[in-house]
Amino acid sequence: MPDTLQEEARRCPACNEPGILLNKRPAPRSAGMPQGTTVEMYECRNDRCPDYMPPMLAGTSTMVPGQRYRWAVQINPDGSIPPKGTGGSGPKSFSMPGATTMAAQRARDNLAMLAAQDEGNAGLAAEIAHDTRY
Ligand SMILES: [Zn+2]
């Protein structure tokens, strides 16, 4: 039986294993998505995932924590999910407004702001901001 769009969206774009739901929140208004849109954040817990970076020793004493691949799934107000993009190199599961549109710029500004607030925290917003920079 083929996956539903929802099941497919929850699979890791890199290794196709089902991800773990980290959080679910309304899409920021600045992202230019319809009101009522929800964004679910997933994390891949597969150690064999090509996008999983295991913890590393930097220098002699600093442990760099491992990084697991995270991605966002957009849920439209009616519960539907936009078709998946082309994974890590593409526009993810968001239907992206053009890179030069105001909506895109506002989204980048918003992420940059979140990333600044987020510093020293989990760094998740910084990670997203990094992912969306192109
Ligand atoms: Zn994965």
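This is a tutorial dialogue on how to read a predicted model of one protein chain.

User: Before I look at any detail, what is the mean pLDDT of the protein chain, and where is confidence lowest and highest?

Analyst: As a general idea, where pLDDT is low, the predicted coordinates should not be read in detail. In this predicted model, the mean pLDDT of the protein chain is 79, and 76% of its residues reach 70 or more. Confidence is highest in strand 1, at 95, and lowest in helix 3 (residues 124-132), at a mean of 69. Over residues 86-92 the pLDDT is below 50, and this stretch has 11 contacts in the model beyond near neighbours in sequence.

User: How many helices and strands does the protein chain have, and what pattern do they follow along the sequence?

Analyst: The chain has 3 helices and 5 strands, and reading along the sequence gives the pattern α-β-β-β-β-β-α-α.

User: Which strands form the open sheet, and in what order?

Analyst: The open sheet is formed by 3 strands in the order 1-2-5, with antiparallel pairing. Its edge strands are strand 1 (20-26) and strand 5 (70-75), each of which pairs on one side only. Neighbouring strands of this sheet are turned against each other by 25° on average, with direction ignored. Strand 1 pairs with strand 2 over 6 bridges in the antiparallel sense, and strand 2 (residues 38-43) pairs with strand 5 over 6 bridges, again in the antiparallel sense.

User: Which residues are the bridge partners of Glu43?

Analyst: Glu43, in strand 2, is the bridge partner of Ile20, and in strand 5 the bridge partner of Glu43 is Arg70.

User: What does Arg70 touch, and is Arg70 buried or partly exposed?

Analyst: Arg70 is found in strand 5 and touches Met41, Tyr42, Glu43 and Glu127, leaving aside residues up to four places away in sequence. Arg70 counts as partly exposed because it has 18 C-beta neighbours inside 10 Å, whereas a buried residue needs 20 or more. Arg70 and Gly19 are 51 residues apart in sequence, and their C-alpha atoms are 8.5 Å apart in space.

User: What share of the protein chain is buried, and how many residues of strand 1 are buried?

Analyst: Buried residues make up 16% of the 134 residues in the protein chain. Strand 1 is hardly covered, as the count of buried residues among its 7 residues is 0. As for contacts in the protein chain with a separation of 6 or more, 49% of them are between residues 24 or more positions apart.

User: What is the phi of Asn16, and where does Asn16 lie?

Analyst: Most residues other than glycine have a negative phi. Asn16 has a phi near 75°, a positive value in a residue other than glycine, and lies in the loop between helix 1 (5-9) and strand 1. Asn16 is partly exposed, with 13 other C-beta atoms within 10 Å.

Methods. Residues numbered from 1 in each chain as written. Predicted model: local features only at pLDDT ≥ 70, side-chain atom pairs only at ≥ 80, totals over all residues. Pairing = 2+ DSSP bridges. Helix = DSSP H or I, 4+ residues; strand = E, 2+ residues; numbered from the N terminus. Axes fitted to C-alpha atoms, helices over the stretch in contact; angles between N-to-C directions. Buried ≥ 20, exposed ≤ 12 C-beta atoms within 10 Å, placed from the backbone. Contact = placed C-beta atoms within 7 Å. pLDDT = per-residue confidence, 0-100.
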